[in-house]
Amino acid sequence: MSIDVLSVAPLPPKLDRQMEEAYSYHRYEDVVARGEFEALIPRIRAIAANGESTVTAEFIAKFPNLEILSVFGVGYDGVDAAAAHEQGVIVTHTPGVLTDDVSDHAIGLMLSVARRTPVADRFVREGKWVDGGFPFTKKVSGSRLGIVGLGRIGTAIAKRAEAFSMEIAYTDRAPINGISYAFHETPAALAANVDFLVATTYGGPSTRGLISAEVLAALGPEGYLINVARGTVVDEAALIAALQNGTIAGAGLDVFEEEPHVPDALKALDNAVLTPHMASATHETRKAMSDLFAENLAAHFSGRPIPAKVPQ
Ligand code: 8YV
């Protein structure tokens with residue numbers, strides 16, 4: 001008997017086809033549009049979601065035979081994992097395989113915003129070079145880096161930053177054993193002591209607005225913010241004001257509060273480098289994420305140990 005899986009998020013096309021071959025695979029929007037959703041509910045044994053999906057406790061509770069909720073992404077802040085666990089539903093995700101890409105992208109954003117690469121590119125294309133050189137920018141090597149959330153990705157960014165001879169500091173819930181980087185109790189205290197502040201913490205209610213107006217003021221007019229975590233971690237309205245007023249020097253952002261919608265005020269700013277939540281979107285990493293996602297499900301349904309379960 002084939003296993004019914006409901007997908008509530010777009011997955012890479014190749015993974016989508018793989019899912020169709022392995023399971024009775026239903027896309028939420030399609031079944032709702034065809035009026036088949038209610039009848040399908042008792043058959044669903046797995047839900048496929050991604051890092052941007054919202055899967056509430058109420059939604060999970062609809063499925064009496066749900067066994068597993070598999071997230072394509074490391075961050076599962078949009079999924080009520082506690083409610084899933086309470087209902088005996090396993091939650092899985094894709095940690096580890098995207099660490100390199102996300103940390104590479106954070107370093108790329110840092111270099112881009114400090115050296116003003118997109119603005120310099122336009123400067124050349126628009127023929128402005130013939131009228132004079134490009135204004136000086138900010139040196140990255142040897143400057144101070146602050147990491148908000150020293151997990152897998154934060155640690156990988158720090159490792160890369162060491163090669164740039166950066167002075168590294170961090171904040172987290174508590175100092176981490178065996179880490180020699182300077183620890184600061186709060187994001188504001190960290191921000192006050194660095195040139196680049198990088199957010200790599202998890203999303204969700206507990207980190208909403210963590211990078212507040214106060215933190216941005218502490219970062220100061222020579223400071224830069226990089227966000228590869230979740231848009232919700234930063235108070236976006238405060239960030240726009242800080243970029244407009246020169247409260248901070250610039251920002252490199254891969255994530256936004258209301259993706260894929262980015263405020264026009266942010267788009268209008270030259271001191272912001274904006275990318276479309278693409279930090280993990282390389283061919284290599286999306287393949288590795290797809291494999292891990294597929295194996296999380298396959299392992300569960302064939303009784304093998306599940307490689308990447310979200311802890312209870
Ligand atoms: C993905 C992510 O963009 O892993 C995460 O938490 O946010 C990203 O890697 C996303 O999950 C894929 O849609």
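UniProt, in an unreviewed entry, places the feature "domain: D-isomer specific 2-hydroxyacid dehydrogenase NAD-binding" at residues 107-279.

Trainee: Before we dig in, what kind of model is this?

Mentor: A predicted one. For the annotated span, residues 107-279, the end C-alpha atoms lie 11 Å apart, and the span is 32% helix and 16% strand.

Trainee: How many helices and strands does the chain have?

Mentor: There are 13 helices and 12 strands. As for overall packing, the radius of gyration is 21 Å, close to the 20 Å from the globule rule for 312 residues, so the chain is as compact as a globular protein of that length. Its C-alpha atoms fill a box of roughly 70 × 50 × 30 Å along the principal axes.

Trainee: And what share of the residues is buried?

Mentor: Buried residues come to 42% of the 312. Of the contacts with a separation of 6 or more, 59% join residues 24 or more positions apart.

Trainee: Which domains is the chain divided into?

Mentor: Domain 1 takes 4-95 + 284-302, and domain 2 takes 99-274. Over C-alpha atoms, their centres are 32 Å apart.

Trainee: How do I read the place where the domains touch?

Mentor: In general, the size of an interface is often given as the accessible area lost when the parts come together. Here we can count contacts: five residues of domain 1 meet seven of domain 2. The domain 1 side has one nonpolar, two polar and two charged residues.

Trainee: Which residues surround the ligand?

Mentor: Among them are Asn-50, Glu-52, Phe-72, Leu-98, His-277 and Ser-280. By class, the shell holds three nonpolar, six polar and one charged residues.

Key:
Residues numbered from 1 in each chain as written. Predicted model: local features only at pLDDT ≥ 70, side-chain atom pairs only at ≥ 80, totals over all residues. Near = placed C-beta within 6 Å. Nonpolar A, V, L, I, M, F, W, Y, C, P; charged D, E, K, R; others polar. UniProt positions renumbered as here; feature names shortened; annotations may be inferred. Helix = DSSP H or I, 4+ residues; strand = E, 2+ residues; numbered from the N terminus. Rg over C-alpha atoms; globule rule 2.2 N^0.38 Å. Buried ≥ 20, exposed ≤ 12 C-beta atoms within 10 Å, placed from the backbone. Contact = placed C-beta atoms within 7 Å. Domains from an automatic or database assignment.
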